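Student: I have a model open and would like to see how its descriptions follow from the numbers. Could we go through it together?

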Amino acid sequence: MINHWSDRVADIESFKVMDLLKRAKELDAQGHDVVHMCAGEPDFATPAPIAEAGIAAIREGHTQYTPAAGIPPLREAIAAFYQQRYGLNIPAERVIVTAGASGALLMVFATLANPGQTFMMADPGYPCNPRFLRLLEARGQLVPVGVADNYQLTPELIEQNWNSNTAGVLLASPANPTGSVVHREQLELISQTVKSKGGHLVVDELYHGLTYGFDATSVLSVDQNAFVLNSFSKYFGMTGWRLGWTIVPEAAVADIERLAQNLFISPPTIAQYAALAAFRPETIDILEQRREAFRERRDLLVNGLRELGFEIPLMPEGAFYVYADASRFTDNTFDFCWDLLDQDKVAVTPGIDFGEYRANRYIRFSYTTSVTQIEKALERLRRRLS
């Protein structure tokens with residue numbers, strides 16, 4: 001039988017971190033002691049107040065479809081959170097609850113990008129972003145960024161790389177895989193640049209709440225017409241619940257909601273009722289304690305990797321990743337990471353998963369595991385590199 005699959009599916013590569021995770025799980029099942037530092041998933045369980053609210057939702061029969069944009073109490077709770085954390089008055093009607101941040105990104109890109117258009121984004125960056133665009137017959141416009149740019153797009157880079165096909169700019173702050181942050185002044189300048197080009201600004205704020213020593217600025221503080229993507233997965237520890245949100249300009253609400261009706265029917269119902277407990281004071285206390293634990297892990301990992309000879313010129317300001325230059329040890333981090341997993345039982349992600357620019361030099365280490373496990377990984381790396 002001949003399979004005539006679509007060209008768009010053939011164009012989409014595997015998400016390499018998931019390939020590595022699959023192999024790491026196989027080694028776990030065989031009884032090996034694997035240190036897991038590849039997936040962007042906190043090792044902490046969902047906070048108890050959230051989990052208990054989910055259990056209560058099942059017992060109370062909250063298992064049917066909800067409105068496509070989410071249950072009103074959750075939309076209102078998210079809007080109230082923006083008032084509390086950022087001092088922003090966001091109408092609940094502009095909050096669209098989604099099936100993970102991935103669901104939000106798909107709908108936002110579908111709203112803003114026509115076939116043949118591009119969205120500008122940093123290289124390195126989250127690898128799935130351009131693949132969403134490919135599904136829509138648009139594409140990602142990858143712009144190389146490095147240490148001098150704080151691994152972020154700048155107003156100058158946007159100006160230099162804008163062309164007639166560019167529909168807009170996607171930022172991530174804090175960013176995956178680098179942990180870099182776009183601060184307020186730079187956000188303002190980027191917003192002004194994108195507006196001057198007649199484009200759209202979309203900002204991935206999934207790792208807000210996971211910055212160390214400061215709180216990140218939401219783009220909505222400087223641009224109410226920007227599109228924001230966020231999630232309950234990272235700061236709130238709800239990865240498997242598959243729940244996110246987007247905040248969109250008032251003029252886009254009806255269009256996004258119509259897409260949600262057609263593509264997803266509704267976000268996961270039980271997850272929505274569980275997430276109502278995410279903003280309780282007792283839950284925030286738990287999350288802030290975890291934030292401090294991530295900071296401790298970051299400092300341990302960065303210092304340890306630097307001592308081993310990895311180049312990390314900038315301390316990651318947020319998220320839970322270290323993007324380390326391993327060129328002292330290899331010119332092929334893809335093979336290096338697979339060897340490290342199979343031979344030393346340490347799972348990390350090669351730079352090629354996050355773009356093309358100098359990708360073979362870099363490795364992403366995820367500090368979503370305990371201090372004890374990080375110390376174990378550093379010792380195994382020390383043995384390998386010696």
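Tutor: Gladly! Contact means heavy atoms within 4.5 Å. This is a predicted model, where local features need pLDDT of at least 70, side-chain atom pairs count only at pLDDT 80 or more, and totals for chains, interfaces and linings use all residues. Residues are numbered from 1 along each chain as its sequence is written, and side-chain values use heavy atoms, with hydrogens and water left out.

Student: Which residues is F214 in contact with, leaving aside its neighbours within four places in sequence?

Tutor: F214 touches V181, H183, R291 and E317.

Student: Why is F214 called partly exposed?

Tutor: Buried means under 20% relative accessible area and exposed over 50%, with partly exposed in between (1.4 Å probe, protein chains only). F214 has 24% relative accessibility, so it counts as partly exposed.

Student: Where is F214 found?

Tutor: F214 sits in the loop between β6 (200–204) and β7 (227–231). Strands are DSSP runs of E with at least two residues, and helices are runs of H or I with at least four, numbered from the N terminus. The protein has 13 helices and 12 strands.

Student: What makes the radius of gyration agree with a compact globule?

Tutor: The radius is taken over C-alpha atoms, and the globule rule is 2.2 Å times the number of residues to the power 0.38. For 386 residues a compact globule would have a radius near 21 Å; the protein has 21 Å, so the two agree.

Student: How much of the protein is buried?

Tutor: Buried residues are 56% of the 386.
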